[in-house]
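This report covers charged pairs and surface patches. Look at the structure first, then read on.

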Amino acid sequence: MENIAIQVTDVEKVYNLYDKPSDRIKEALGFGRGKHHTQHHALKGVDLTIRQGECVGIIGTNGSGKSTLLKIITGVLNPTDGSVTVNGRISALLELGAGFNMEYNGIENIYLNGTMIGFSEKEIDEKMDAILEFADIGEYVYQPVKTYSSGMFVRLAFAVAINIEPEILIVDEALSVGDVFFQAKCYHKFEEFKEMGKTIVFVSHDLSSISKYCDRVVLLNQGTKLGEGEPKKMIDIYKQVLVGQYTIPESGADNLLDDEELRRAAAGNPELLEYGSKKAVITEYYITDEKGIKAPAILKGSTFAIHMKVRMEEDLQAPIFAFTIKNVRGTEITGTNTMFEKAFLEPVKAGEEKEVTFTQNMNLQGGDYLLSLGVTGYENDDFTVYHRLYDVLNLTVISDKDTVGFYDMNSVVEVR
């Protein structure tokens, strides 16, 4: 166990699921025959070794078992089978609000959390200034935390977590709530922790941060560990999982991985806005990465393509095919069309299908964006919309270097 911070051995976690509360009571009291529940395997024989000083990321689809695994490591949950050994003091920032009393004010919750971890009141007093300085929520610290915004809440929770001198820091998604400046401060603290030889376990859907800060990444899906390794390789496999195109090596077709919720996300927004005369109809659309694999996540600096298939319902003089990329706040960042690019200015016949591909380098900053598609044209000098799909796909950009603004100018810097 030398130099090992966390050892997870063949861990299973099974939940009994009941259709209604009365079934739970019937089974507990022994009424009726047989079982009144079904079993859900949240974790299936997971093994994991994390060494001291590592920053390990855990990624996976929704419901893959990431949070369950962290709760077992921190002792919040007990495994159904298997074992976990932890060497070192753990500080965990799990679900927003975990470990806080919503009726207490910020100061009272600092003492509550500190004593739960094992600090005396005197030791907490000595750390109070550092905690308050890092949280930077001003006079709100004297207000009940139930009045806090989610951003203030995570500031205080993270300030407590990193100032109690943990040997192992565990963070589950919470940093996605804070503003960009606070996130930068937290990640700077991550780097300080790594330099001090402390261990960090980091669960996040922010693949850019996973790529930048983690030494190693563990990929989970539906309770099973698919693999572990250097971040880029695991992220590439994760992108295949998202669209159901990853098969466990040396296994049959029955093991094709599938996650319905995320497959729908990759396929498109079920609540998209669409309109138009439907003289031309967009029938298919997707994004591919530089390897030609359908993927909702693209590495910054790589080549990617936006694809759309369009069926003509009527003869049209010169349809224009277009895409627009917006940020999550609705600001249009970039886009183009076949007229701007002088790529297609021809008449089409009813019944024809056109496959349109826009290929370009990804220079947007890391983050989430929304893709909109359209087919328009001019009829007797009047601009006409045939079919428009707003916010049809989510596009995630994975980056380990972000500059200022919406996109990267890829400057070549020389200092003499």
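F340 sits in the loop between β15 (332-337) and β16 (353-361). Strands here are DSSP E runs of at least two residues, and helices are H or I runs of at least four, numbered from the N terminus.

This is a predicted model; local features need pLDDT of at least 70, side-chain atom pairs count only at pLDDT 80 or more, and totals for chains, interfaces and linings use all residues. Residues are numbered from 1 along each chain as its sequence is written, and side-chain values use heavy atoms, with hydrogens and water left out.

**Surface patches**

F340 belongs to a nonpolar surface patch of about 530 Å², together with M339, L345, Y378 and F383. Patch residues have over 30% relative accessible area and no salt bridge; nonpolar side chains (Val, Leu, Ile, Met, Phe, Trp, Tyr) are joined within 5 Å, like charges within 9 Å. Areas come from the Shrake-Rupley method with a 1.4 Å probe.

A negative patch is made by E121, E123, D125 and E126. Asp and Glu count as negative, and the charge is placed at CG of Asp or CD of Glu. E123 lies in helix α4 (residues 121-135). E123 is partly exposed, because its relative accessibility is 33%; that class runs between buried (under 20%) and exposed (over 50%).

**Salt bridges**

Side chains of opposite charge can pair when their charged atoms come close. A salt bridge needs a side-chain nitrogen of Lys or Arg within 4 Å of a carboxyl oxygen of Asp or Glu. The whole structure has 18 of them.

| Pair | N to O distance | Relative accessible area |
|---|---|---|
| K225 and E228 | 2.4 Å | K225 25%; E228 33% |
| E414 and R416 | 2.7 Å | E414 57%; R416 89% |
| E379 and K279 | 3.3 Å | E379 24%; K279 21% |

Which parts does the bridge between E379 and K279 tie together? E379 forms this salt bridge with K279. E379 lies in strand β17 (residues 367-379) and K279 in the loop between β10 (273-275) and β11 (280-288), so the pair links parts that are 100 residues apart in sequence. E379 is partly exposed, and K279 is partly exposed.

K225 and E228 are also part of a salt-bridge network with E54 and R216. K225 is partly exposed, and E228 is partly exposed. By contrast, E414 is exposed, and R416 is exposed.

Methods:
Buried means under 20% relative accessible area, exposed over 50%, partly exposed in between (1.4 Å probe, protein chains only).
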